[in-house]
Amino acid sequence: MTSLTALKAQLTAVVTGVAQGQSAATELCLACVEFLGVDGASVSMIHEGASRGTFGASNEISRRIDEYQFTYGEGPCLDAVAKQELVSAPDLSASHERRWPIFSEAVLNDGIHGVFAVPIKITSACVGALDLFRAAPGPLGPEQLAGAVVAAEVASLTLISLVGDDVGPDGRQVDLETRLMTDGESAWGRLAEMDRIEVYQATGMLISQLDVDADEALIRLRAYAIANGLTASQVAWAILNRTLVLERDDHDGPGGGRS
């Protein structure tokens, strides 16, 4: 692998050579596969301990693995953001690896054994994680790990346009950290709209159908997904297409719904 300085220059050139936002994040993920010797990569957006969307992915499997973390509420990217440190899982099939049992089973079924997550920061705010995937078990080498940290730094460039500086009521420029802290829901709302919009639309339908609040509706959607080996997005699309109806608690059967 090239030197870290050269790698950062190469990755920066990749993301600045295209429009900012998801397209830049996707190009960065593709570059990580090329330069870091991994089989897949994704950029996960995390807010208040929950996955809010897949901002970029190198392929469909990488996107689906990030979707598992949203569906199951567990996974390395969530831990990387919570701890604000690199999280390494060289072999999800190892007997001692018990951190994310549901997530690990799904990922192994997709042929991925190694997962590594590096937190992404904008100023001091941790806003997501860069996830790297390997089909074969085994740790990343020191140069790969150092390169992953550099790639996570570059990943923040793809997000600034969405949660970037703004002008406050007094006409002064509001920095990124202040914006995320004081206007977090508005800033993160735009990120939520970029992906998994179907989940939020389906949740809205469940609120009315089941007479529950938004948190309970999302719990019910995720529970059905887990019980039936699906992702949250797959369940959401079925609800929106009216091929799946989740019933009230007093009518629940196996899986909590009927197709």
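User: Which residues does Ser51 touch, leaving aside residues up to four places away in sequence?

Analyst: In this predicted model, Ser51 touches Met45, Ile46, Phe70, Leu78 and Arg196, where residues up to four places away in sequence are not counted.

User: Why does Ser51 count as buried?

Analyst: The relative accessibility of Ser51 is 2%, and buried means under 20%, so Ser51 counts as buried.

User: What makes α10 roughly perpendicular to α11?

Analyst: Helix α10 (residues 197-210) and helix α11 (residues 214-227) pack at an angle of about 110 degrees, their axes lying 8 Å apart. Because angles of 65 to 115 degrees count as roughly perpendicular, that angle makes α10 roughly perpendicular to α11. On the α10 side the contact is made by Val199, Ala202, Thr203, Leu206, Ile207 and Leu210, and on the α11 side by Ala214, Ala217, Leu218, Arg220 and Leu221; these residues divide into nine nonpolar, one polar and one charged.

User: How do you know what span is expected of helix α6, and which of its residues are buried?

Analyst: The expected span is 1.5 Å times one less than the number of residues; for the 14 residues of α6 (142-155) the expected value is 20 Å, and the helix reaches 20 Å from its first C-alpha to its last, close to that expectation. The buried residues of α6 are Gln144, Gly147, Ala148, Val150, Ala151, Ala152, Val154 and Ala155.

Methods. Residues numbered from 1 in each chain as written. Predicted model: local features only at pLDDT ≥ 70, side-chain atom pairs only at ≥ 80, totals over all residues. Heavy atoms only, no water. Axes fitted to C-alpha atoms, helices over the stretch in contact; angles between N-to-C directions. Helix = DSSP H or I, 4+ residues; strand = E, 2+ residues; numbered from the N terminus. Parallel < 35°, antiparallel > 145°, perpendicular 65-115°, else oblique. Contact = heavy atoms within 4.5 Å. Nonpolar A, V, L, I, M, F, W, Y, C, P; charged D, E, K, R; others polar. Buried < 20%, exposed > 50% of the residue type's maximum accessible area, 1.4 Å probe, protein only.
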